[in-house]
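Welcome, and thanks for taking a look at this one with us. Here is a short tour of a surface patch, a helix residue and some charged pairs.

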Amino acid sequence: MRSTLALAKKELQVYFTTPIAYAAFMVMAFFAAQFFTGALDAYRTFVVRVSGSEAQGVLEHLNLTDVVVSRLFASVGVFIVISAPFLSMRLLAEEKRGRTFELLMTSPVRPLQIVAGKYLAALVVMAVSVGIVALFPALLSLFAKGAQGGPAVEWQTVGTGLLGLLLLGAMCMAVGLFVSALTESVIVAALVSLIVLLGLWVVTLFTVGTEGPLRDLASGMSASEHLMPFLQGRIELKDVVYYLSFVALGLWLTDRAVEGHRWA
């Protein structure tokens, strides 16, 4: 455990003594702000349009959490899928390219500890990125009110949404770490991870218009389908198992890849 934490600390120092983490946080904050203001503008436009009609009852059912926050989180989910490969691409590929991987292999550290240390550091960076997104519902709760004058934000739904984003980020980092263990090129690692993760995100598009087992299989494999219940305030076991399965599989495969490199 001590070795794992030492490796995680070393990796975090790399993240925070280079522009990598700060650039990721700035880009996340920028795009989240764009998504947030876009959702707010859409909400404001809808309210103005409805206020002048006979559909005043619709306003009573408007929910800022569903209309603004869930929409923000769904957009951030796409951004996590795109940005995670660039955060994970150098974790092991950079070690191989810099010829420091052999030194790491000769140190008294087991492959699993190496994998766990690097993954833990990447997960911390992803958690901070998701934490930045949590600032937007907090701002909404400070400056807005619900339709009945109550709280503008349903924190339970916000909490499940953030948990879903964190699980999605954990899955993306595990996949990226595994791909990074297979190559010396950080560019190849990023591109392959991006293709895999985007494929998992949009897999249901390939079965549009179809029904039956193929459609069910695509839905079962889809990262976006498994994120939706979290954004609606529900935590379902199958969705948690889906993300954690990818994490466990990604870490196990990475461990096997690192172990194989030791004996290569």
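This is a predicted model: local features need pLDDT of at least 70, side-chain atom pairs count only at pLDDT 80 or more; totals for chains, interfaces and linings use all residues.

Numbering starts from 1 along each chain as its sequence is written. Local features need pLDDT of at least 70, side-chain atom pairs count only at pLDDT 80 or more, and totals for chains, interfaces and linings use all residues, while side-chain values use heavy atoms, with hydrogens and water left out.

**The nonpolar patch**
- Helix α7 (residues 111-133) supplies the largest share of the patch, three residues; helices here are DSSP runs (H or I, at least four residues), as are strands (E, at least two), numbered from the N terminus.
- Leucine 5 belongs to helix α1 (residues 2-17), and its relative accessibility of 43% is why it counts as partly exposed.
- For these classes, buried means under 20% relative accessible area, exposed over 50%, and partly exposed in between (1.4 Å probe, protein chains only).

**Valine 115 in helix α7**
- Valine 115 also sits in helix α7, and it counts as buried because its relative accessibility is 2%.
- Beyond its neighbours within four places in sequence, valine 115 is in contact with Leu177, Leu251, Thr254, Asp255 and Val258, where contact means heavy atoms within 4.5 Å.
- The C-alpha atoms of valine 115 and arginine 256 are separated by 9.9 Å, and the two residues are 141 apart along the chain.

**Salt bridges**
- There are six salt bridges in the structure, each being a side-chain nitrogen of Lys or Arg within 4 Å of a carboxyl oxygen of Asp or Glu.
- One of them pairs glutamate 11 with arginine 90, with the closest N and O atoms 2.7 Å apart.
- This pair links distant parts of the chain, 79 residues apart: glutamate 11 in helix α1, and arginine 90 in the loop between α4 (64-88) and α5 (93-97).
- Glutamate 11 is buried, at 1% relative accessibility, and arginine 90 is buried with a relative accessible area of 12%.
- Arg234, Glu236, Lys238 and Asp239 are joined in a network of salt bridges.
- Within it, glutamate 236 bridges to arginine 234 at 2.2 Å between the closest N and O atoms, and to lysine 238 at 3.4 Å, N to O.
- Glutamate 236 is partly exposed at 24% relative accessible area, and arginine 234 is partly exposed at 36% relative accessibility.
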